[in-house]
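This briefing is meant to be read alongside the sequence and the model. It begins with a local backbone feature and then moves on to contacts, domains and helices.

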Amino acid sequence: MSYITKPQAHHPSLKPNALGLTRRDYEGAITTLCAGCGHDSITAAFIQAFWELDMEPHTVAKLSGIGCSSKTPAYFLREAHGFNSVHGRMPAVATGAGAANSQLKLVGVSGDGDSLSIGLGQLCHAIRRNLNLLYVLENNGVYGLTKGQFSASADPGSLNKRGTANTMPAIDSVLLAINLGATFVARSFSGDKEQLVPLIKAGLMHKGFAFIDVISPCVTFNDHEGSTKSYAYTRRHQIEVVEADFVPGRREITVDYDPGSVKEVTLHNGDRIMLRKVAEDYDPLDRDQAYAYIRDRQKVGELATGLLYMSGMTSDMNDQLRTGDTPLTQVSHGDLCPGSAELEKLMSRYR
Amino acid sequence: MKSRINDFAFKIATANGTGSASANGLIMQAIFRMGIPVTGKNLFPSNIQGLPTWYEIRVSEAGYTARTPIFDLMVALNPATFDKDVAEVTSGGWLLYDSTWPLLEEKMRHDVTYIGVPMADLCNEAFDGVRNRILMKNIVYAGVLAALLGIDREELIKLTQEKFGKKPALLESNQQAIELGYQYTAQHYKCPLPIQLERRDATKDAILIDGNTAAGLGCLYAGATVGAWYPITPSTSLMEAFTAFCQKYRVDPETKANQFAILQAEDELAAIGMVIGASWAGARAFTPTSGPGISLMNEFLGLAYYAEVPAVLFNVQRTGPSTGMPTRTQQADLLLCAYASHGDTKHINLYPADPHEAFEMAVNAFDLAERFQTPVIVLSDLDIGMNDWMVPKLTWNDMYQPDRGKVLSAEELEAAERFSRYLDVDGDGIPYRSLPGVHPKGAYFTRGSGHNKFAKYTEDGDEYQEVLDRIARKVNSARAAIPAPFVKRREGARVGLISVGGCHGACTEALDILEADGLPVDYLRVKGFPFADEVREFLDSHDRTFVVEQNRDGQLRSLLILETEVDPARLHSIRSYAGFPMSAQPIVDGVLAKVQVPA
């Protein structure tokens, strides 16, 4: 933990993006997490993704609940509003913000305690609404701030730091999300920035609920032998199933893909996501197959990663609410209030 | 017997789900259209079909709106409650029953006049189908009452035309049922009874409306765009009303886009979270709920208080604790709403007394929430929220400008040297806000964890305390901005009486009775919390003050003691908490038990 203020000096050799901003412009306060924490790598991936997308920082709203993961929105995009709400309730706050201002780019950061125990209900219902939100679950299988209790994502048989085995089944967030009809479901690893950055970019541009579960080891309480959420374990058991590339609509595709190995999904605004299958028999656009495949890999102890499931054009929460293109926050009171003459007319109904 | 004009009460006992509610509404509306002041109280069960339900109608030339427990006439149509209903008729009163089935002679009261009308037989002869016969029986008793009480039949006929004009078959059977009841009664009994109606002109500037509809309308006029809710009795009809008004007035005629968003949440925790998220993003947002919902919302209310996010809540109170009696009324959430959440908190509360105030206070609530950047809870109750009240027509001032509080625009942020979210720039305890998505200089981190005036995380005691103290100053200063209390002083009064919300009608009536008996009493009704300075002054100017409220523990009295430091010995409590709207007599009795009428 560090108490020094981070200098905002820019190195002249830092590369600017199309907005003329460097990665430094997408950073935030200095992290207060433990050295080596997986969450800090995810923060770095966020910074990289926003920078690569040429996104104006202040158009983003960062929301979180409570816990180590929920602190991280303070560590990126200092020029964006952040909201560290109450434990497990970030989805509700994001839902309200999204309903009020459909133009906000919403990013939610949560942890496995926040999402799968205290906030499980809210996560489920945000998925059902298809809220236009990128939801990143920083998953370490353990309660860090309260010093090492198992979380609901801890695998049965995995050991805590004192050597006690977890006896209950894990809630697998990816299977849960697919089951509930999430329209974009990915899994990644904080130690795999090459995979994670394109996933974040694709998730940010997806219209609807984009869910990314990122295995993010807790170096202090869950990185030991016997843990199934450690760096070593995750590296050994992770298999990439689908590699995602995000291609902005205006850009040409420059990568050579093997014919037949790529599925292309066009987003609402013309951007494309290229899904390159690493596992041969995998179809990331088939929900049932995706679910079955992930389960099959789990049975042999493997962790399927990548953009595991995606549906193309979807109707997000604001479409369902039919709120149109103008954010509700921009409608003037004059347009919202029917005025005295209408009220006078209406009164005859109550006579 | 001497006749009594426009001053009596009657009660209709039926079973829930049989269609009696629409007949009861019809009767009340017809009396209202005769220009006579009238009040209706619906006592209904937490049930969809079968359990007993009652509807009480009070006609009062003087315009008293409180419930009266004395019934001159009972319409006893529910066999399940028949004996109890008969026992409630005042001595010398009347009982209307369905004489299709005979009554046991030995069980009849001798001080009550029985009026039998074979309603089921009449319906069986005239109508086909079981459901239709049951429904029409209700309309038959409307016709019977028209004959017995002198309800203008033309008004009844006109109301059915307005209601069923587009359904000729229904219209015909309704009108036939009115005639059946009316003619049979007129032929067999001397009509009208000594209790009777006479046309007046006292309701032409009034409406009949329930508080939930009025509050929903207030939200519409205030410019609320986001409503989040979890359905709960007795608040449900507030959001239903808001939805219906939005569908009528808030669909953009060109784009067909909805200029509103209604979010049915998974629970009340989510509902208040959505309101906070929407308000944080700059919308006027609200949630209607009842006591159990407020209990669930406590944690988020603490966040909104501490992070200074506006939020508007309507607590349509029902009886507690726990599930309580969901369809009965009470004012037992006063303490809960004043200080909801763990930690040091205090919230702005508004207390409407009737639907007219529910409309006005809905608008006040949004202005106060945004001005003071804090939650505002409007506490009505089931009686105000779900019963039809006679109140002055609602009006709107087109000069109204919403008070959005200190929100910095993109231009203001651009021009500012630096923005600090929780800095007391103006010395009034209210800092400046910025909204997400507006300008990079407005960015800050909203949090419920310890923060300093620059919105930075802190564990420094002094920095933490500085913010907490400023928030206390800010919320306390709202006492000058909430609606001023209603005060009526009387010549020669030595004692005072304070009440809140829906007790108002019973209090004003009780104070008239006391004055007529020779005991003038000063009256104050609080309209909001934190209490205005007038409340303290009122307490100081009386040696003793009665506090009238609808809960077991004297919660308003406790609040007065806590907030004004008045000597508790000077506050006498009068409480009613069985779940029914308050009536005047217990207040009269309560005062007379402590104070002697001056000789």
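S322(B) is exposed, with 8 other C-beta atoms within 10 Å; a residue is called buried if 20 or more other C-beta atoms lie within 10 Å of its own, exposed if 12 or fewer, and partly exposed in between, with C-beta atoms placed from the backbone. This is a predicted model, in which local features need pLDDT of at least 70 and side-chain atom pairs count only at pLDDT 80 or more, while totals for chains, interfaces and linings use all residues. Residues are numbered from 1 along each chain as its sequence is written, and chains are lettered from A and ligands numbered from 1 in the order in which they are written.

**Backbone exceptions**

- Most residues other than glycine have a negative phi, and most peptide bonds are trans.
- S322(B), a residue other than glycine, has a positive phi near 55°, and it sits in the loop between β13 (311-317) and α11 (334-338) of chain B; helices (H or I, at least four residues) and strands (E, at least two) are DSSP runs, numbered from the N terminus.
- In chain A, D54(A) is not a glycine either and has a positive phi of about 55°; it lies in the loop between α1 (38-52) and β1 (60-64) of chain A, where it is partly exposed, with 13 other C-beta atoms within 10 Å.
- C191(B) and P192(B) are joined by a cis peptide bond with omega of about -10°, and P192(B) belongs to the loop between α6 (168-188) and β8 (195-196) of chain B.
- A cis peptide bond also joins F529(B) and P530(B), with omega of about 0°, and P530(B) is placed in the loop between β21 (528-529) and α17 (533-540) of chain B.

**Contact between the chains**

- 54 residues of chain B are in contact with 48 residues of chain A, contact meaning that the C-beta atoms of two residues, placed from the backbone, lie within 7 Å.
- Among the elements that give two or more residues to the chain B side are β9 (206-210), α9 (268-280) and α10 (291-307) of chain B, and α9(B) supplies the largest share, nine residues.
- By class, this side of chain B has 31 nonpolar, 15 polar and eight charged residues, where Ala, Val, Leu, Ile, Met, Phe, Trp, Tyr, Cys and Pro count as nonpolar, Asp, Glu, Lys and Arg as charged, and the others, Gly among them, as polar.

**Domains of chain B**

- Chain B is assigned domain 1 (4-202), domain 2 (209-392), domain 3 (410-480) and domain 4 (486-592), with bounds that come from an automatic or database domain assignment.
- The centres of domain 1 of chain B and domain 2 of chain B, taken over C-alpha atoms, are 35 Å apart, and their contact takes twelve residues from domain 1 and eight residues from domain 2.
- On the domain 1 side, the elements giving two or more residues are α1 (20-33) and β3 (38-43) of chain B, and β3(B) gives the most, with five residues.

**Helix α1 of chain B**

- α1(B) has 14 residues and reaches 20 Å from its first C-alpha to its last, close to the 20 Å expected at 1.5 Å a residue; the expected span is 1.5 Å times one less than the number of residues.
- Eleven of the 14 residues of α1(B) are buried, so this helix is largely enclosed by the rest of the structure; the buried residues include L26(B), I27(B), F32(B) and R33(B).
- Just after α1(B), G35(B) takes a positive phi of about 85°.
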